[in-house]
Amino acid sequence: MVHASGRLRIAFDDPACLGACQAHRDYTRETITVASGTLAPGTVLGQITASGKYAAHDPAAVDGTETAVAVLWGKADASGGDAPAVAVVRGPAIVNRHDLIFTGTPSDPEIAAAHTALLAAGILVR
């Protein structure tokens, strides 16, 4: 669930957790560089192989962003160039599948593959 602050809601792993859960915020989140776009909290991200920067996950890409590796924590406006942002980049973390944002219109198998890729980073999608 996106909190009123405009950030993806993250809480400790307990039954009251609605949006997302994580073991320790300073371990699971990092400041990253978003390379392009205006992205909302919950956007699934891929990492550009050549630069190490992040952009919206694109299953059809061949630049590294075809693999989901992170979930954007707050808003990011890189429409005018690189922008710093915070993302959940590793687990243990749990995110609500209804809070994830995929750009474009990925197919169900592409979404499932993104969920599997996030799980490889320790980010469980429920």
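This report walks through the fold, the charged side chains and a few loop residues of a predicted model.

## About the model

Local features need pLDDT of at least 70 and side-chain atom pairs count only at pLDDT 80 or more, while totals for chains, interfaces and linings use all residues. Residues are numbered from 1 along each chain as its sequence is written, and side-chain values use heavy atoms, with hydrogens and water left out.

## Overall fold

Let's start with the whole chain. The protein chain has 2 helices and 10 strands; helices (H or I, at least four residues) and strands (E, at least two) are DSSP runs, numbered from the N terminus. Read from that end, the order of elements is β-α-β-β-β-β-β-β-β-β-α-β.

The protein chain has 126 residues, of which 43% count as buried. Here buried means under 20% relative accessible area, exposed means over 50%, and partly exposed is in between (1.4 Å probe, protein chains only). The chain exposes about 6,500 Å², with carbon and sulfur atoms supplying 55% of that area; the areas come from the Shrake-Rupley method with a 1.4 Å probe, and for residues only the protein chains shown count as cover. Among contacts (heavy atoms within 4.5 Å) between residues at least 6 apart in sequence, 60% join residues at least 24 apart.

## Two salt bridges

Side chains of opposite charge can pair when their charged atoms come close. With a salt bridge taken as a side-chain nitrogen of Lys or Arg within 4 Å of a carboxyl oxygen of Asp or Glu, the count is 2. One of them joins the side chains of R90 and E30, at 2.2 Å from N to O. This pair links distant parts of the chain: R90 sits in the loop between β8 (83-88) and β9 (93-95), and E30 in strand β2 (residues 29-34), 60 residues apart. R90 is partly exposed at 24% relative accessible area, and E30 is partly exposed at 33%.

D82 and K53 also meet in a salt bridge, at 2.4 Å from N to O. Again distant parts of the chain are linked, with D82 in the loop between β7 (76-78) and β8, and K53 in the loop between β4 (44-47) and β5 (54-56), 29 residues apart. D82 is partly exposed, with a relative accessible area of 44%, and K53 is partly exposed at 25%.

## A negative patch

D58, D63, E66 and E110 form a negative surface patch. Patches are made of residues with over 30% relative accessible area and no salt bridge, with like charges joined within 9 Å and nonpolar side chains (Val, Leu, Ile, Met, Phe, Trp, Tyr) within 5 Å. Lys and Arg count as positive and Asp and Glu as negative, leaving out His and the chain ends; a charge is placed at NZ of Lys, CZ of Arg, CG of Asp or CD of Glu. E110 belongs to helix α2 (residues 108-120) and is partly exposed at 31% relative accessibility.

## Loops worth a look

A35 lies in the loop between β2 and β3 (37-39). Apart from neighbours within four places in sequence, A35 is in contact with I48, K53, Y54, A78, G81 and D82, a list that includes both partners of the D82 and K53 salt bridge.

A40 is in the loop between β3 and β4, and is partly exposed at 31% relative accessible area. A40 and K75 are 35 residues apart in sequence, yet 4.8 Å apart in space, C-alpha to C-alpha. Beyond four places in sequence, A40 is in contact with L72, G74 and I101.

Finally, P92 is in the loop between β8 and β9. The peptide bond from G91 to P92 is cis, with omega near 15°, whereas most peptide bonds are trans.
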